[in-house]
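Visitor: Could you walk me through this one before I set anything up with it?

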Amino acid sequence: MTSNSSSVVILSDLGTEIVIPACAIIGIAFALFQWTIVAKVKVTAVDSKSKSKNEGGVDDSSLLDEEEEGVNDHSVVAKCAEIQNAISEGATSFLFTEYQYVGVFMVIFAFLIFVFLGSVEGFSMKSRPCSYDETRICKPALATAGFSTVSFLLGAVTSVVSGFLGMKIATYANARTTLEARKGVGKAFITAFRSGAVMGFLLAANGLLVLYITINIFKLYYGDDWEGLFESITGYGLGGSSMALFGRVGGGIYTKAADVGADLVGKVERNIPEDDPRNPAVIADNVGDNVGDIAGMGSDLFGSYAEASCAALVVASISSFGINHEFTAMLYPLLISSVGLIVCLITTLFATDFFEINQVKEIEPALKNQLIISTVLMTIGIGLVSWLALPSSFTIFNFGAQKDVKSWQLFLCVSIGLWAGLVIGFVTEYYTSNAYSPVQDVADSCRTGAATNVIFGLALGYKSVIIPIFAIAVSIFVSFSFAAMYGVAVAALGMLSTIATGLAIDAYGPISDNAGGIAEMAGMSHTIRERTDALDAAGNTTAGFAIGSAALVSLALFGAFVSRANIQSVDVLTPKAFIGLLVGAMLPYWFSAMTMKSVGSAALKMVEEVRRQFNTIPGLMEGTAKPDYATCVKISTDASIKEMIPPGALVMLTPLIVGILFGVDTLSGVLAGSLVSGVQVAISASNTGGAWDNAKKYIEAGASEHARSLGPKGSDCHMAAVIGDTIGDPLKDTSGPSLNILIKLMAVESLVFAPFFATHGGILFKLF
């Protein structure tokens, strides 16, 4: 069976073999370069007297409209270094504990993959006819089992390393951002943003490089059997996402238990500021930002990226690219990611080098421009790659048939994903930033107490789902019409192609948040706290990206699963599929219930401990005695390790149980149901929580006449806002972000185990 693809590809196979690793290495080099610049800010008391010169050697004092504050105060620098150390140690020890537990799980699951996939052909070593083309001979199922296991472990390790590096970078940068904030808001912004960029580029480039090397190593064994080769690569996505799930859930429970505990006792009962050093939960709270928002998010976006690539490669391997062994066209998804790295590199320079930021009001536009510039440049990049790497027409596998596709149609598929991502990002920002009316309305509703605040916040979250869902729907319809499931997979990759910039903005938020905490704890002046708060308020926009891309990735994986499991069509009217749909739609609620309750019970322990310390340690409120930070850190660690297991097990076991007992028809229903309901719950939860958080910050900052009328910190109005924010914490940082992993993970796991389910699944229906 050959399939026609007419013209020759411009970019040679050798060119592809050079371009992909070269781009990845440039990305890593750029990250290390940014790291060296951040490292120039010294957190020891020696350097603070010498005036810093900026790149051109100009004396900065003339550029800034803000005076330098306490730059020569050595005790402050020492204090910052001490706090930074405590946060870094807490985060490292938590992640090591988490990884020990997750490591055990990884080994068990790797064993399961090997046994289940090996048993498809009864562990025989003989070659077999290919699944999609009986006339050709493919490698034995046992080989796929072995290689899938290896790629699963590789994906898992890469994911863990991504999260860990992100956390290290963030804890390295937080105190440096605080110290730079003494020289004005512009300096602090650049330090925080550069540090975010280090994480973004390291992660995107590592993910790409490891995937590329894995494909080339596996190719040595598989040779011409590309179908088997790319089927075994899907384990990479499964490994990445399963680690991300535990990182996100564990980190999310950790950070929110500490945050809720610190807020309820500190702000509401004792009326002390957010990051007051007298508050026993304050170190745990700042550690939480790094393990949840940074390490968890790093693993999560790496997982999305790995899965989108795997979904596209699996479909391509049974299309004309794979059948005719067109290497360059086959690696089109990786080429898009490579160009994405270069585009993001240029985009980053706009924020750090081409334009200077001197005032608070310039911060949010600068971050917004990052998204716009990267999207516009990336559209050009996609056009270039599509022109160079694709034949002018080719065929794509579409549920058993081959569909004729032109290269310009594929260009549109990727672009629409990219632009849908931008739309979702802006809508998220509109609903969660306090510069716009939705959040200001929520803040205004605090006048009449916490209840109205909660009602307005929930309504805002539900409403914020509308436009993102239309954006996702349009991109699915267009990309599917043009290029079937492959179109959907590359649309997801389009959305993730500017991942380095998205991650830089994402990591920048928690780094600024931490910087503010350090400023407060080190007893720095109020102006510095105001500057870091201004930085932090601008960084809440990219949660939408992760959820939007998860929906597309999941659909593409679902399509690959349906093809691989030989399901002719998914018919909702059959009882098998319909019961699956119902159960699948219920899963996000079950999962959210588990994570919310975990945060609640962990926060309960934290509140009791913080109260106990305030009541029993003499001189704590007066500031003469030090609180016992370590106990609070331990409470968060123990709670999150214990509580991350049940939700994780729910997601990992559901596809296995459904596939083995009820078979692939019911499983396809479960995947469709969880995708459809999970996206809605995830968007509304994230945006509700984000809106409550920023409504509180809006009242605290008092930047406008309206905000000042709602009262200073400590007014009734502010108290109502704090309660809303506290309810929203687990929504926006635990349940919401973890749901997008639930959607993807169940789909990729079903795809990896598809050969087993197709052969041995559906035991119950076979018996009865």
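Visitor: What kind of model is it, to begin with?
Guide: This is a predicted model, so everything that follows is computed from its atoms.

Visitor: OK, how many helices and strands does the chain have?
Guide: The chain has 22 helices and four strands, and along its principal axes the C-alpha trace spans about 80 × 60 × 40 Å.

Visitor: And what does the radius of gyration say about it?
Guide: For 768 residues, a compact globule would have a radius of gyration near 27 Å, and the chain has 26 Å, which agrees with that expectation. In terms of accessibility, 64% of the 768 residues count as buried.

Visitor: Let's do aromatics. How many aromatic pairs are there?
Guide: The count comes to 30 aromatic pairs. One of them joins tryptophan 408 and phenylalanine 482, whose ring centres are 5.8 Å apart and whose planes stand at 75 degrees, over the 60 degrees required, so this pair is edge-to-face.

Visitor: Where do those two sit in the chain?
Guide: Tryptophan 408 belongs to helix H11 (residues 407-432) and phenylalanine 482 to helix H14 (residues 466-496), so that the pair links distant parts of the chain, 74 residues apart.

Visitor: Is tryptophan 408 buried, exposed or in between?
Guide: Tryptophan 408 counts as partly exposed, because its relative accessibility is 48%, which falls between the 20% limit for buried and the 50% limit for exposed.

Visitor: What about tyrosine 430 and tyrosine 431, how are their rings arranged?
Guide: Tyrosine 430 and tyrosine 431 form an edge-to-face pair, with 5.2 Å centre to centre and 75 degrees between the planes. As for accessibility, tyrosine 430 is partly exposed at a relative accessible area of 34%, whereas tyrosine 431 is buried at 10%.

Visitor: Which rings are linked into a cluster?
Guide: Ring pairs connect Phe105, Phe109, Phe116, Phe152, Phe246, Phe753, Phe756 and Phe757 into a cluster.

Visitor: Which lysines lie over rings?
Guide: Lysine 139 has its charged end over the ring of tyrosine 221, at 5.1 Å from the ring centre, and lysine 368 lies over the face of phenylalanine 426, at 5.8 Å from the centre of that ring.

Visitor: Switching to charges, how many salt bridges does the structure hold?
Guide: The structure holds 29 salt bridges. One of them brings together the side chains of aspartate 259 and lysine 256, with 3.0 Å from N to O. These two residues, aspartate 259 and lysine 256, both lie in helix H5 (residues 226-269), three residues apart, or about one turn of the helix, and both are buried.

Visitor: How far apart are the closest N and O atoms of lysine 267 and aspartate 263?
Guide: In that salt bridge, the closest N and O atoms of lysine 267 and aspartate 263 are 4.0 Å apart. Lysine 267 and aspartate 263 are separated by about one helical turn, because they are four residues apart in helix H5. Lysine 267 is buried with a relative accessible area of 6%, and aspartate 263 is buried with 1%.

Visitor: And lysine 732 with aspartate 729, where are they?
Guide: Lysine 732 and aspartate 729 are in helix H21 (residues 716-760), and since they are three residues apart there, about one helical turn separates them. Their side chains meet in a salt bridge of 3.1 Å, N to O, and lysine 732 is buried, as is aspartate 729.

Visitor: Which residues are linked in a network of salt bridges?
Guide: The network links Lys256, Asp259, Asp536, Asp693, Lys696, Lys697, Asp725, Asp729, Lys732 and Asp733.

Visitor: Last one: what separation do leucine 345 and alanine 500 have?
Guide: Leucine 345 and alanine 500 are 155 residues apart along the chain, and their C-alpha atoms are separated by 8.2 Å. Leucine 345 lies in helix H9 (residues 332-354) and is buried, with a relative accessible area of 15%.

Notes. Residues numbered from 1 in each chain as written. Predicted model: local features only at pLDDT ≥ 70, side-chain atom pairs only at ≥ 80, totals over all residues. Heavy atoms only, no water. Phe/Tyr/Trp six-rings, centres within 6.5 Å; stacked < 30°, edge-to-face > 60°. Buried < 20%, exposed > 50% of the residue type's maximum accessible area, 1.4 Å probe, protein only. Lys NZ or Arg CZ within 6 Å of the ring centre and 35° of its normal. Rg over C-alpha atoms; globule rule 2.2 N^0.38 Å.
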